[in-house]
Amino acid sequence: MPALRHEAELLTAHLGDYVPGADALEVLDWTDTPPTPRVLSIDPSRGAQAQAESLFKQARRYARGAELARRRRDATRAEIAALERLLDRVEAAPAADAQGALEEEAATAGWWAPGESSRRRAAGARVSGKRRSYRTFATSEGGVVLVGRSATDNDELTLRVARPHDLWLHARGVRGAHVIVPLGKRDVCPPERLVDAATLAAHFSEAAGDAVVEVQYTPRRHVHKRKGLPPGAVHVSREKVLILRYEEERARALVAREHRT
């Protein structure tokens, strides 16, 4: 961690000032502007040098742990994305034998219990036998927000379902769902609905769980698909950016209010 490493570096830089047996060391922190005096606590039985070495080891251990956590997070997100793609293929398979082959593939990967019905898994995403490209969530003040299910569904939601005056949102700089707030032609999105929509955009993105997430938003009319762009990738103009402080409880409440009809 930066704080542990910084304290270790301060101790190392002032080892010549330490009096053996003392329980504290006064130092001047030149990384501050202006430099500020600090008092570092020392375990007298260990001394300043041993304590500095211990702090360096802790900092390296925490750094390795943080890197491992990031790798596990990335692997989990990749696995989730692969599972979602496979589920989409299962749902779109035209014949029962094709569905069976895909379900067998999922079972081999450990994602599917043998014999589980894809129709039951997809029931919440179908209306009158037709799969929707988006999920629908009720906001805290009574509005509605639409969230794309996959990269291909993002294109469908943004380019074919949303109207030009609807509001479009997306977690900035990362992969994630397109989010649409349906609005009237002259309506302005209420602040609480905007925050709820931004929370969903963050929740259904690679930035999920980050303390602060940048969410871009603009009327749908300013979102376009240029030739050659992959599924889900769009060109956005006249965007605004909301700096969202991600609240896990708010996200859970929104997800719990999903319309499943």
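**View 1. A salt-bridge network joins R172, E214 and E239.** These three residues are linked by salt bridges, each one being a side-chain nitrogen of Lys or Arg within 4 Å of a carboxyl oxygen of Asp or Glu. The structure holds 11 salt bridges. Keep in mind that this is a predicted model, where local features need pLDDT of at least 70, side-chain atom pairs count only at pLDDT 80 or more, and totals for chains, interfaces and linings use all residues. Residues are numbered from 1 along each chain as its sequence is written, and side-chain values use heavy atoms, with hydrogens and water left out.

**View 2. Helix 6 packs against helix 7.** Two packed helices are described by the angle between their axes and the distance between the axes. Here the angle between helix 6 (residues 191–203) and helix 7 (residues 248–256) is about 90°, and the axes sit 10 Å apart. Axes are lines fitted to C-alpha atoms, for helices over the stretch in contact, and angles run from 0 to 180 degrees between N-to-C directions. Helix 6 and helix 7 are therefore roughly perpendicular (65 to 115 degrees; under 35 is roughly parallel, over 145 roughly antiparallel, the rest oblique). Helix 6 brings E192, V195, D196, T199, L200 and H203 to the contact, while helix 7 brings R250, A251, L254 and V255; contact means heavy atoms within 4.5 Å. Helices (H or I, at least four residues) and strands (E, at least two) are DSSP runs, numbered from the N terminus.

**View 3. R250 and D196 form a salt bridge.** R250 belongs to helix 7 and D196 to helix 6, so to speak distant parts of the chain, 54 residues apart. Both ends are tucked away: R250 is buried at 18% relative accessible area, and D196 is buried at 1%. Buried means under 20% relative accessible area, exposed over 50%, and partly exposed in between (1.4 Å probe, protein chains only).

**View 4. Strand 5 meets strand 13 through R135 and E258.** The side chains of these two residues form a salt bridge, 2.9 Å from N to O. Because E258 lies in strand 13 (residues 258–259) and R135 in strand 5, the pair ties together parts that are 123 residues apart in sequence. E258 is buried, with a relative accessible area of 10%. T136 is also found in strand 5 (residues 134–138), and T136 counts as buried at 10% relative accessibility. Setting aside neighbours within four places in sequence, T136 is in contact with V144, V145, L146, R257, E258 and H259.

**View 5. R163 and D166 pair up in a salt bridge.** Their side chains meet at 3.1 Å, N to O.

**View 6. Helix 4 and strand 7 mark the two ends of the confidence range among the elements.** pLDDT is the predictor's confidence in each residue, from 0 to 100. Where pLDDT is low, the predicted coordinates should not be read in detail.
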